[in-house]
Amino acid sequence: ALTVRDGSQQFVVRSFSSEKSIVVTEADFFGEPISFLETPSPDAVEKFDAFMIAVVSRGKSCSDGGDEDGITAKASHSTAIVWADLLRHNHTSPLMWAVSVTPMLAQAGIGYVQRVDKLLSHVGISLLEMAQKAVAHKNHPDLPSRELLHLQVLEYLLHGNRRQALATLLTLLEQCPGDAYALVLVMDIAFLEGDKDSALGESEDPDFVPRTPHIHPSFSCVDRAAGSVAAYWKERRNNIPGYSVGVSLIALGFAVGGRFADAERLAEAVMQRDFFGCGGLAAWALAHVYDAEGRTSEGISWLAGYDGVQLYEACGYLFFNARIAGYGARFALDREGAGRVRTPLRVYDNSFDPILQYSGYAQRQPWQSPQRRSPGKRTTRMVQSVRLGSQALLQRIFGSQGQESASELPAPQENVEGELKKEDTTRSTIEDVLTWLPPTPQVLTEATLLLLRLTLVGAIGGDDSRWSALQNSWLCLLDENSNDPNSNSNSQIPPRSMLGAYLLCDPDDLPSGPGSFAEVGRGMRLLGMLLGLADAQSDDTELNKGKWKEVVDMLSFAAGRGSGTFNLWDLDSRPLFEHAVCYAACMSEDYESLSVARSICSMGVVLRPNSPEEWWRYSSVLEKLGDDVAAEDARAASISLGLGEGGHRPESLA
């Protein structure tokens, strides 16, 4: 080996046994190695670090975006800038190729990457080609084991094998506990898979041998990932880069795994240390804690209030800010108030609906090429306009002889890049595509679940135009999968995303999913039809009472009567099924169905005694069962916990 020094940088050059003669290894932001097949440019690692930190912080680290289209667009543009810099850079590092693609695969799946790749093809970029170049080096003899494992993870994700990818990432964390990038991939894949406990269970690949055979299949994957690196980060809290981000991810793993006290302590500690740096991830962890313990007021404060919104509004990577805002809206729905309906509707109209509209999904006419330019700097043009206006005013007052008149002053320089008309796509850039990305399956799911809650409380009807836009968006997603001859729909639509799709789409057009998903899917579709969502036919007849009972029978498994294969993250599944089952039971007026709802509500008030919504639903079910005294007591408990503060409750059965 030969050591070459260039200023303060040290490159370690080793011989390759392949066609490439040298490899250059440097340290990234977290101190982990990154190898190059050729000597890199001076700013190569800087561009790599900028994007990797953006991925880990959910875009919180980026702030250079244009602000003329609002805060949300600025957050997306800020992330797009550092992402485009990495894609545009002519580097020769397998890990850099992988990092350009893997985070999107982990959050949205191969189908979404194919969709974005079609848009990027208009600006001369292909994510899938980068992925293939990276995977081609998965067995390179001179690459470090960490990089080889990351390349193996990429290959698994390209084939939709998320469980194999999770097992490989856990092995990677055992070897490199300081790899925050690997830790965030574990959280994203486990969330996408929607199976927190069985992530290391049986694989669809009969030849797959888990890299971590000592892990029991029922052990929480995210809890294990967080626990396996927690001591490493704690020991180096004053010396390790990105400490706040890493500990926030550990807090998230603890929260999902049920260690709520530890998760809250860690999240609050890192926010005191770095409030604006790790806010988005800490808010994600605290959302799980507050929901699990029924702490509605704190959930509203941290996720829906002004101070809380500042934690995540700058997290524009793949719409993370919209997803957390959806959590805040659901907390607002759990407590009465003058803003009960206004706040969730405002969140939906500001965070979700614009994504469906600008992408063309709401009209079922998705973009086939870039149609919108990235935003420019509104504040820069405002300052320039004020300066030129002041010069014109002085000239009118003093009549300066020989100076140019106000009409001859140069006009403010518009940001041509940000003002391109929609029909002009000849000068599109990578930033344009990455700023205005199409909605991910996660975004569609969050939007669907929020609208369902609003419908169940009577805030909107099933014929609301928002439902039609969502249905068109889901149909666009299905159309893209079915029109791609190389796609496999079973691997393209993640299990968790199926819940939203089932509510608005025919189950025959969707994959059955693992285990009990088929039964739950039929129940969700029947629920959507009975609610008349997106103009679905629903007859208000006595026959519907029997159908409401069927909904209870199909969804009660997921709401707490079953176990095993159906075990999504609690914050993303439990409220949905509990509200749906209790609403359907009240509509059915069937004693057996109401008894199921009563048992679910009883569990809710025991585990989350501070939630006014839990007590109110319990009172509604007890009243239907004829237990008026207990119903009144439950209603009084709900009011004492803050139900109705500042307003009144809309008429609702659940």
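Is Val443 buried or exposed? Val443 counts as buried, because its relative accessibility is 0%. The model behind this value is predicted.

**The chain as a whole**

The protein chain has 29 helices and 4 strands. It has 654 residues, and 59% of them count as buried. Among contacts in the chain with a separation of 6 or more, 69% are between residues 24 or more positions apart. The accessible surface comes to about 25900 Å². Carbon and sulfur atoms account for 49% of that surface.

Val443 is found in helix H19, which covers residues 441-456. Apart from neighbours within four places in sequence, Val443 is in contact with Phe319, Phe352 and Ile355. Another residue to look at is Leu318, which is 125 residues from Val443 along the chain. The C-alpha atoms of Val443 and Leu318 are separated by 8.8 Å.

Leu318 is found in the loop between helix H14 (306-312) and H15, and Phe319 lies in the loop between H14 and H15 as well. Leu318 is not a glycine, yet it has a positive phi of about 50 degrees. Phe319 is also a residue other than glycine, and its phi is positive, near 60 degrees. Leu318 has a relative accessible area of 4% and is therefore buried. Phe319, with a relative accessible area of 7%, is buried too.

Phe320 lies in helix H15, and this helix covers residues 320-333. What does Phe320 touch, not counting residues up to four places away in sequence? Phe320 touches Arg58, Gly280, Leu281, Trp284 and Cys315. Arg58 is 262 residues from Phe320 along the chain, while the C-alpha atoms of the two are separated by 6.6 Å.

**Buried residues side by side**

| Residue | Relative accessibility | Class |
|---|---|---|
| Phe320 | 0% | buried |
| Cys221 | 0% | buried |
| Cys278 | 1% | buried |
| Arg608 | 6% | buried |
| Cys176 | 13% | buried |

**The cysteines**

How many disulfides does the model have? The count comes to 0 disulfides. Cys278 gives one example of the distances involved. Its closest cysteine sulfur is in Cys315, and the two sulfurs are 9.8 Å apart, so they are too far from each other for a bond. A disulfide needs the two sulfur atoms to be within 2.5 Å.

Cys221 lies in helix H9, which covers residues 221-235. Cys221 and Val256 are 35 residues apart in sequence. In space they are 9.6 Å apart, C-alpha to C-alpha.

**Cavities**

Rolling a probe the size of a water molecule over the atoms shows where empty space is left. In this model the count comes to 7 cavities of 30 Å³ or more. The largest cavity has a volume of about 180 Å³. It is lined by 20 residues, and the closest to its centre are Asp291, Asp334, Arg453, Arg574 and Pro575.

Which helices each supply at least two residues of the lining of the largest cavity? They are helix H12 (279-292), helix H15 (320-333), helix H26 (570-588) and helix H28 (612-624). H26 gives the most, with 5 residues. By class, the lining has 11 charged, 5 nonpolar and 4 polar residues.

Arg608 has its place in the loop between helix H27 (591-607) and H28. Arg608 is a buried residue, because its relative accessible area is 6% and the limit for buried is under 20%.

How values were computed. Residues numbered from 1 in each chain as written. Predicted model: local features only at pLDDT ≥ 70, side-chain atom pairs only at ≥ 80, totals over all residues. Heavy atoms only, no water. 1 Å grid on protein atoms, 1.4 Å probe; cavity = no way out; pocket = protein on both sides within 12 Å on 5 of 7 lines; lining within 4 Å. Points joined across faces, edges and corners; volume = space filled by probe spheres on them. Nonpolar A, V, L, I, M, F, W, Y, C, P; charged D, E, K, R; others polar. Buried < 20%, exposed > 50% of the residue type's maximum accessible area, 1.4 Å probe, protein only. Contact = heavy atoms within 4.5 Å. Areas by Shrake-Rupley, 256 points an atom, 1.4 Å probe, with all protein chains shown as cover.
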